[in-house]
Amino acid sequence: MKLKPVKLAPAIIATSVILLVCLLDLARFEFLQRFERITYDWRSKAALQFPQPTATNLSAVLISDDSIAAINHGLLKHSYGLYWPRHIYGRMLRELAAQHARAAGFDVIFRELRPDHAAVSVPTAQSPEVTNFLAAIGDGKPTQSYQDNGDEFTLVESDEFFAWQLQRAGMAILASEHAVPPHRLFVANAFAIGDISADTDPDGVLRRALAFRTYTNWHSAFRLVEADPGFGVDLSKAQVLPGKIILPRRELEDVEIKLDADGQFDLADFGGSKLPPGVPLRAKPFTLERVWHMGIVLAARELGLDLSAATVDLPGGKIIFRSKSGNERVVPVDRDGYFLINWELPFTDPRIAKEPIEQLLVEDQQRTAGAEVNWPQSLRDKLVLIGSSATGNDLTDRGATPLGKATLLVSKHWNVANSLITGRFVRPVAPAAELLLIMLLGSLAAALTWQSKTYVASGGVVILCAVYSGLCFWAYIQHRLVLPLVLPLGGAVLAEYIMLVTYRVVFEQTERRRVKSVFSKIVAPDVVNELLDAETLSLGGARREVTVLFADVRGFTELADAVQARTAAYVAEKHFTGRDAEACFDQIAAEMLQTVSLYLGLIGDTVKNHGGTLDKYIGDCAMAFWGAPKSNPRHALDCVRAAIDSQRGIHQLNEKRTQINLEREVENKARTSAGLPAKALLPVLSLGTGINTGAVMVGLMGSDAHLFNYTVLGHEVNLASRLES
């Protein structure tokens, strides 16, 4: 038998499955990535049960439904609508500065000025400071003063008051979103800008953050043109082409600004001839500026990191931040600059100090009025995030994250800040490592499935899946290492298992049918079952010690010759010819074959009952052996017992046939008297046996296309035959 192709087939199947899963991993199909993200969410939630050390100075100032109700109903002695004037944020920032907060990051957009908002009153004692600030920002509006109960106040525009407080605080970080910065008045007076964009995955869940966005910082001449409503320019739609910039205008012809070989424009195109002497007439139209994620900016404030000197190595998958004091943080990113958010501080985490905005406004009111209050200083040295927890359509800031479907998204900033401060980042394994894991698990699954029994293989695969799943959860919880779960288990292990089990079922069932067809008629049914369940079975030829039995029905040949002669005489006497003569001979032949089959069948049954292998019938002789294909250390004893029982069985058969013959003799006398033909007497035969033990060649002989027989060959077999004769 050629077994090599059969043994090669499972290896080909296993290798093909592993290669296919590796290709699927490289292809990054979205439907597979979605399942992988779901397992990532499970791990993120599980990690919350094992809290890690976190930054101790993270806090939040929240705008809740209660805050809106309080402020809109006269908390500050005035009633405001849904969109508060900017001075409210300025008052809050003034209180944060008074409490010595380390940084204040706004998760609120201040994209444009709101001249429609009411002005704010500033005590005259601070008027010089306000006047100097307004002069510095180039505001040409005269200030207005008034008196109230003998106290003099100055009115300041709401936006300008907020800008003034931004400058005074010196630690405010304004929000920018999708490369659209706040109004330049606020940018010029804030400490920094932080990006608050939420880039969700295709399933709508926020798992990643972009480390930075590149902003186009236009020259002031372009911004002045954009600020002129009559000109109608939108810089966000400007087209930068080789040698020129196209400025689209609303309902007017586009404007083309030419650039020289150095990429500079002529300020004369914008009335630059009126510039003061000494000011260059040519300049770059814009500069590109990185705006870092809000959480990164907050952490950089705490650690003293120089964001402008960051080493950005996107092909290498990392961004390195350094500080003058020697602090260094390496953020793992993908080629697009995204990194996974370490969601380990949910909104409900008690380690995040939270204050309602109305509390700060009340404290600012009392502080400004000069009231003697024991201020709690609860936000001293804190990194404060100002965001909304309200539920209105225009106020809600909730979204799906690994922690839940309606997470307050302001929490993404303190989770990013916490990662940078603690140096604990979520790190996916490299693509090469993913492929190695797929190959390793696929190979283990193949070995378990093919080398073990089905129930052992099933249990082994279940254990392998459980162990690897546990490893994935442990690696994330302890080290924030993200090991792939779906393709290694669902592809490499389970698909491997299913394919190989299917092949084994088809292959083994075919093999079982083949073995059963060969052995079912020559050995006992229990021996056939043992052969089918055997782990190893050599049918292709081997040398074994066996005991061989030859059992011959004695006298059958002489009996057959005598019966044949009597039949011929009977045919001649009756003058039978043609079909009649042929029918007579056929009937006698059938009776003789029935007789020998009865004797040989008894011997065959006895051989099977004693665990022997019935090799063949050779005329009126039966050949059998013990010790193959199933090993049997008692093969000689079983053979001898089978021979004895065969003799006993033949003796009992002969006794029955002798009794039948006596009855027939009596019956035949009556039939002769009646002129009827007498019934033939049943032949009574004896049995001769020959037994020998020795080493022989054993195996399947013949071909699948013709006769196929499991037999033994050799001198010891011939000796047993000679002993029988």
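Colleague: Leaving aside neighbours within four places in sequence, which residues is Ile296 in contact with?

Modeller: In this predicted model, Ile296 contacts Ala211, Leu307, Phe321, Phe339, Val416 and Leu420.

Colleague: Which residues have the most contacts inside the largest nonpolar core?

Modeller: They are Trp292, Ile296 and Phe321, within a core of 46 residues.

Colleague: Which element gives the most to it?

Modeller: Helix 9 does, with seven residues. Apart from this core there is another one, of 42 residues, which includes Ile63, Leu93, Phe106 and Phe161.

Colleague: Now the helix pair. How do the axes of helix 9 and helix 11 cross?

Modeller: The two axes come within 7 Å and cross at roughly 40 degrees. Helix 9 is therefore oblique to helix 11.

Colleague: Is that crossing left-handed or right-handed?

Modeller: The crossing of helix 9 and helix 11 is right-handed.

Colleague: Which residues meet there?

Modeller: From helix 9 they are Met294, Gly295, Ile296, Leu298, Ala299, Ala300, Glu302 and Leu303, and from helix 11 they are His413, Val416, Ala417, Leu420 and Ile421. Val416 and Leu420 were also among the contacts of Ile296.

Colleague: Let us turn to Ile88. Where does it lie?

Modeller: Ile88 is in helix 4, which covers residues 86-98.

Colleague: Is Ile88 buried or exposed?

Modeller: Ile88 counts as buried, because its relative accessibility is 0%.

Colleague: What does Ile88 touch, not counting residues up to four places away in sequence?

Modeller: Ile88 touches Ile71, Leu76, Tyr80 and Leu361. As for Ile71, 17 residues separate it from Ile88 in sequence, and the C-alpha to C-alpha distance between the two is 9.2 Å.

Colleague: On to the backbone. Which residues does a cis peptide bond join?

Modeller: The cis peptide bond joins Ala628 and Pro629, with omega at about 0 degrees.

Colleague: Where is Pro629 found?

Modeller: Pro629 sits in the loop between strand 28 (621-626) and helix 18 (635-673).

Colleague: What is the phi of Arg28?

Modeller: Arg28 has a positive phi of about 55 degrees, although this residue is not a glycine. Arg28 is in the loop between helix 1 (4-27) and helix 2 (30-47).

Colleague: And what is the phi of Arg480?

Modeller: For Arg480, phi is positive at about 55 degrees, and Arg480 is not a glycine either. Its place is the loop between helix 13 (454-479) and strand 25 (481-482).

Colleague: How do they count in terms of burial, starting with Arg28: buried, partly exposed or exposed?

Modeller: Arg28 counts as partly exposed because its relative accessibility is 37%. Arg480, at 1% relative accessibility, counts as buried.

Colleague: Finally, the whole chain. How many helices and strands are there?

Modeller: The chain has 19 helices and 30 strands. Of its 725 residues, 45% count as buried.

Colleague: What share of contacts between residues at least 6 apart in sequence joins residues at least 24 apart?

Modeller: That share is 67%.

Key. Residues are numbered from 1 along each chain as its sequence is written. This is a predicted model: local features need pLDDT of at least 70, side-chain atom pairs count only at pLDDT 80 or more; totals for chains, interfaces and linings use all residues. Side-chain values use heavy atoms; hydrogens and water are left out. Helices (H or I, at least four residues) and strands (E, at least two) are DSSP runs, numbered from the N terminus. Buried means under 20% relative accessible area, exposed over 50%, partly exposed in between (1.4 Å probe, protein chains only). Contact means heavy atoms within 4.5 Å. A nonpolar core is a set of buried Ala, Val, Leu, Ile, Met, Phe, Trp, Tyr and Cys residues joined through side-chain atoms within 4.5 Å. Axes are lines fitted to C-alpha atoms, for helices over the stretch in contact, and angles run from 0 to 180 degrees between N-to-C directions. Angles under 35 degrees count as roughly parallel, over 145 as roughly antiparallel, 65 to 115 as roughly perpendicular and the rest as oblique. A crossing is left-handed if the near helix is turned anticlockwise from the far one by less than a right angle, and right-handed if clockwise.
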